[in-house]
Amino acid sequence: MENNLIDTCKNLIKEVKNIVVITGAGISTESGIKGFRSRTGIYQLAPEYILSLDYFYKHPKEFYQFAIEHLYHPEAVPNIGHEILATWEKEGKVTQIITQNIDGLHQRAGSNNVIEFHGTMKTATCQNCGKTYSTDEMVKRMKTMDEFYLCDHCVNNDKKSSYIKPDVVLFGDSGEWFTIEGFNAIINTISQADCVLVLGTSLKVTPFSTFPQYRKTGIPLIIINKGDTPYDLEPNTYVIQESIGDALSKINV
């Protein structure tokens, strides 16, 4: 990568005071977590349908077995990219992180202002009464109970039994940020940014892919991603195609 591009991005980061960060699987793969659509990603192991709401309700045991094995990573630790973003938040530069990731690594690194657009694998919720279970608890239930996916509270109170669903957004599903109000809140946040930083996402999956277009005209867009994105050739856009941790480390010097 040319040093002048790094220097340009370094100077931009020094000058701005309201960075909104948009992150995808690429920042988590540097912590050893598999992506979804890459050549070695999750969708090479199984079709998208296995991560659909329909499949969850028809095959809850099989869904949980797949999700716990491939989506739940309690052993993963934040990498240098996560840590730099957390430092920039503490310094008052990063005001918001909007992520596709469900691993919670941004928060574990110390970032507080995180919107988990696709939810989290940390918890699961009864779809009838709203009782929340930790995923660790669900793992233990899987080992000792046949119908581990049914809510204890609903069964014990003679209410209709209800499924405990991981708090991730599945195909055919919706989450809190998919509502009109949630989406508008994100758009408003991006429209106030004086820099948008995109990390580790190809920006090809809607509606997440639309977020950069809501920045104000002339606001710089920095993209660090190993593949191309639809925004690469737009004005005031700076594209770095290398490791996120390496690139952010150079910019942070």
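User: In this predicted model, is Asn236 buried, partly exposed or exposed?

Analyst: Start with the cut-offs. Buried means under 20% relative accessible area, exposed means over 50%, and partly exposed lies in between. Asn236 has 38% relative accessibility, so Asn236 counts as partly exposed.

User: Where does Asn236 sit in the chain, and what is its phi?

Analyst: Asn236 is in the loop between β8 and β9 (237–240). Its phi is near 60 degrees, a positive value in a residue other than glycine.

User: Which residue in the loop between β7 and β8 can I read in the same way?

Analyst: Take Leu203, which is found in that loop. Leu203 is not a glycine, yet its phi is positive, about 55 degrees. Now apply the cut-off of under 20% for buried. Leu203 has 2% relative accessibility, so Leu203 counts as buried.

User: Is the peptide bond from Thr206 to Pro207 cis or trans?

Analyst: Read omega. For the bond from Thr206 to Pro207, omega is near 0 degrees, and the bond is cis. Pro207 lies in the loop between β7 (195–199) and β8 (221–224).

User: Now a strand residue. Where is Met121, and is Met121 buried or exposed?

Analyst: Met121 is in strand β4, residues 119–126. Its relative accessible area is 3%, so Met121 is buried.

User: What does Met121 touch, leaving out residues up to four places away in sequence?

Analyst: Its contacts are Ala67, Ile68, Leu71, Tyr72, Ile102, Thr135, Pro166 and Val168.

User: How many Å separate the C-alpha atoms of Met121 and Lys226?

Analyst: The separation is 26 Å. Along the chain, Met121 and Lys226 are 105 residues apart.

Key. Residues are numbered from 1 along each chain as its sequence is written. This is a predicted model: local features need pLDDT of at least 70, side-chain atom pairs count only at pLDDT 80 or more; totals for chains, interfaces and linings use all residues. Side-chain values use heavy atoms; hydrogens and water are left out. Helices (H or I, at least four residues) and strands (E, at least two) are DSSP runs, numbered from the N terminus. Buried means under 20% relative accessible area, exposed over 50%, partly exposed in between (1.4 Å probe, protein chains only). Contact means heavy atoms within 4.5 Å.
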